[in-house]
Amino acid sequence: PKRVAPGDVSPLSILKAKVERGTAADGSDKRVLVIAQIPSASKAELFAEGPSEEWTLALPALVSSEAGRATFAIPLDGARLGRTEIPPKLRLTLIAGEQSIETEIVLD
């Protein structure tokens with residue numbers, strides 16, 4: 001994949017990622033929402049890696065896709081050795097058709 005900076009606007013790009021903390025007292029519904037720009041009529045896939053090998057992230061799920069934008073959700077329950085911590089950063093790989101990009105994004 002082509003390495004790009006977060007927010008770099010092109011036909012295929014990661015526009016932003018934000019932590020959604022949810023409402024569960026134990027933090028089990030925390031997730032990261034990733035908003036991506038994709039070419040119209042393209043099917044997109046997103047893959048996420050944590051900052052080190054001790055992070056095991058679930059496969060991102062497509063939440064919505066319309067008008068060249070796709071939103072993915074990455075659940076954080078059990079992402080770090082069974083804990084619900086928020087990773088300091090993620091490496092995201094976005095694929096649409098023959099195009100692919102990779103970016104590293106810092107989370108709050």
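Me: Which residue is the bridge partner of I14 in β3?

Reply: Strands of a sheet pair through backbone hydrogen bonds, either parallel or antiparallel. Helices (H or I, at least four residues) and strands (E, at least two) are DSSP runs, numbered from the N terminus, and two strands pair if DSSP finds at least two bridges between them. Here, A36 in β3 is the bridge partner of I14. The antiparallel pairing of β2 and β3 comprises seven bridges. This is a predicted model, in which local features need pLDDT of at least 70 and side-chain atom pairs count only at pLDDT 80 or more, while totals for chains, interfaces and linings use all residues. Residues are numbered from 1 along each chain as its sequence is written, and side-chain values use heavy atoms, with hydrogens and water left out.

Me: With which strand of residues 69–75 does β3 pair, and in which sense?

Reply: That strand is β6, and its pairing with β3 is antiparallel, over seven bridges. Within β6, A73 stands opposite L33.

Me: How many of the seven residues of β3 are buried?

Reply: Burial is read from relative accessible area: buried means under 20%, exposed over 50%, and partly exposed in between (1.4 Å probe, protein chains only). In β3, five of the seven residues are buried, so the strand is largely enclosed by the rest of the structure.

Me: In what order do the four strands of the open sheet stand?

Reply: The order is β1-β8-β7-β4, with mixed pairing. Because β1 (2–3) and β4 each have a single partner strand, they stand at the edges, and one side of each is left without a neighbour in the sheet. β1 and β8 run parallel and are joined by two bridges; K2 has I101 in β8 as its bridge partner. β4 and β7 (residues 89–96), by contrast, pair in the antiparallel sense, over six bridges.

Me: Which residues of β4 lie on the covered face, and which on the uncovered one?

Reply: In β4 (residues 44–49), A44, L46 and A48 make up the covered face, whereas E45, F47 and E49 make up the uncovered one. E49 also has a bridge partner in β7, namely R91.

Me: How many salt bridges does the structure hold?

Reply: A salt bridge is a side-chain nitrogen of Lys or Arg within 4 Å of a carboxyl oxygen of Asp or Glu. The structure holds four salt bridges. One of them joins E49 and R91, whose closest N and O atoms are 3.6 Å apart. Since E49 lies in β4 and R91 in β7, the pair ties together parts that are 42 residues apart in sequence. E49 is partly exposed at 38% relative accessibility, and R91 is partly exposed at 29%.

Me: What is the N to O distance between the side chains of E20 and R31?

Reply: The side chains of E20 and R31 meet in a salt bridge at 2.5 Å, N to O. This pair links distant parts of the chain, with E20 in β2 (residues 13–20) and R31 in β3 (residues 31–37), 11 residues apart. E20 is partly exposed at 31% relative accessibility, as is R31 at 28%.

Me: Which strands does the salt bridge of K89 and E104 tie together?

Reply: The side chains of K89 and E104 meet at 3.4 Å, N to O. K89 lies in β7 and E104 in β8 (residues 99–106), so the pair ties together parts that are 15 residues apart in sequence. K89 counts as partly exposed at 32%, and E104 is partly exposed at 33%.
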